[in-house]
Amino acid sequence: MDENSKTERLKAIQEFRNARRRADVKALLSKFTGKSEELLVFDEIRKTLDLTHPQQEELRDIPLDSIVGSVNRYYDFNRQFYPLDDSAENRWSRVRTLVETKGLDPIEVYQVGDVYFVLNGNHRVSIARQMNAETIQAYVKTFRSNIEVKPDDEITDVVLRHEHKELMEDTKLDQIRPDVDFEVTVCGRYKEIKEHIDVHRYYLGLEQKREVSTEEASTSWVENYYLPGIHAIREQEILEEFPGRTETDLYLWLKRHQWELEMSLDRAVPDRFAAQDLMERFSRKFWRKISRFWEKLFKKD
């Protein structure tokens, strides 16, 4: 290896180590921000969105900022494609050195919505990011999806969007009450809403001795159960005590708590009493009271 080659290789190694340090900094910051630095896993997206066959491949430039996932190497790089393992130094620096003489060969990606997943060329993406490039040439195979996927999404965002769409297709809640926001923040809760409606539909059918449609049951559930529960939540100002949650999150929590109270007391518990009990037991005010109690106790000692 001549002197120029050695110099280029040492430069590439230094770039890799700089990238590794940035990865460690990002990992540390994510613990404070709570935002994941992990790449999206294509197989998880494919299963969630039931993706089948991609469209014919085409060669074009794609924005590097929109490459947010990988097919096979999602554990080797973070969301900015900084390398996560010191053992990658040799390969990364070798590819980086080749880029100086041959340039970057096109990578291969899958496109879903507005984002891309690397099928082949993860190290080239990492190096291009280190070179402050804005785009990279890629062979793109596009999967059609009726669910939006955005560059800043985490897997939970995609799952929630998918579950929301399924609920609205099944129940027509968005058409029945377009003025009501049924948003939740935890995966599985849209399915829980559907279970509430299915149970209500069953008992409504028994009461009226006829077949009740899902849409009719959804309308009845909103008017007779959901909105009264939301009214109780607002009356107690519970949402203020649980930042980051929605009224529908709290409605589902309220109903579980209400059921537990009814089982323990062996009698019906109105929404407003269940909401009041929920507030007293689990709000930040309750824990502040406990904290002040212990502070006073220790001060006396």
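Below is a short chat about the predicted model shown above.

User: Hi! What should I know about how the values were made?

Analyst: Hello! This is a predicted model, where local features need pLDDT of at least 70, side-chain atom pairs count only at pLDDT 80 or more, and totals for chains, interfaces and linings use all residues. Residues are numbered from 1 along each chain as its sequence is written, and side-chain values use heavy atoms, with hydrogens and water left out.

User: Great. What's the strand order in the sheet?

Analyst: The order is β1-β3-β5-β4-β6-β2, six strands in an open sheet with mixed pairing. Two strands pair here if DSSP finds at least two bridges between them. Strands are DSSP runs of E with at least two residues, helices are runs of H or I with at least four, and both are numbered from the N terminus.

User: Which strands stand at the edges?

Analyst: Those are β1 (40–41) and β2 (58–63); each has a single partner strand, so one side of each lacks a neighbour in the sheet.

User: And how many bridges join β4 to β6?

Analyst: Six, between β4 (residues 107–112) and β6 (residues 135–143), and the two strands run parallel. One of the residues involved is V112, whose bridge partner in β6 is F143.

User: Switching to salt bridges: how many does a search of the whole structure find?

Analyst: The search finds 21. A salt bridge means a side-chain nitrogen of Lys or Arg within 4 Å of a carboxyl oxygen of Asp or Glu.

User: Where does R177 lie, and what does R177 pair with?

Analyst: R177 forms a salt bridge with E223, with the closest N and O atoms 2.7 Å apart. R177 lies in the loop between α6 (173–176) and α7, while E223 is in helix α8 (residues 214–235), so the pair ties together parts that are 46 residues apart in sequence. E223 counts as partly exposed because its relative accessibility is 39%. For the cut-offs, buried means under 20% relative accessible area, exposed over 50%, and partly exposed in between (1.4 Å probe, protein chains only).

User: What about pairs inside one helix?

Analyst: In helix α2 (residues 42–49), D43 and K47 lie four residues apart, about one turn. Their closest N and O atoms are 3.3 Å apart. K47 counts as exposed at 57% relative accessibility, and D43 as partly exposed at 31%. Helix α7 holds K194 and D198, also four residues apart, or about one helical turn; their salt bridge has its closest N and O atoms 2.9 Å apart.

User: Which residues are linked in a network of salt bridges?

Analyst: E15, R96 and E100 are linked that way.

User: New topic. Is S126 buried or exposed?

Analyst: S126 is buried, because its relative accessibility is 1%. S126 sits in helix α4 (residues 122–130).

User: What does S126 touch?

Analyst: Leaving out residues up to four places away in sequence, S126 touches F77, F81, P83 and W92, where contact means heavy atoms within 4.5 Å. A polar atom of the S126 side chain lies 2.6 Å from the backbone oxygen of F81. F77 is 49 residues from S126 along the chain, and their C-alpha atoms are separated by 8.0 Å.

User: Last one: which residues form the nonpolar patch on the surface?

Analyst: V199, Y202, Y203 and L206, with about 450 Å² of accessible area together. Y203 belongs to helix α7 (residues 189–208) and counts as exposed because its relative accessibility is 53%. Patches are made of residues with over 30% relative accessible area and no salt bridge; like charges are joined within 9 Å, and nonpolar side chains (Val, Leu, Ile, Met, Phe, Trp, Tyr) within 5 Å. Accessible areas come from the Shrake-Rupley method with a 1.4 Å probe, and for residues only the protein chains shown count as cover.

Key. Polar contact = N/O pair within 3.5 Å; in protein donor to acceptor, adjacent residues only side chain to side chain.
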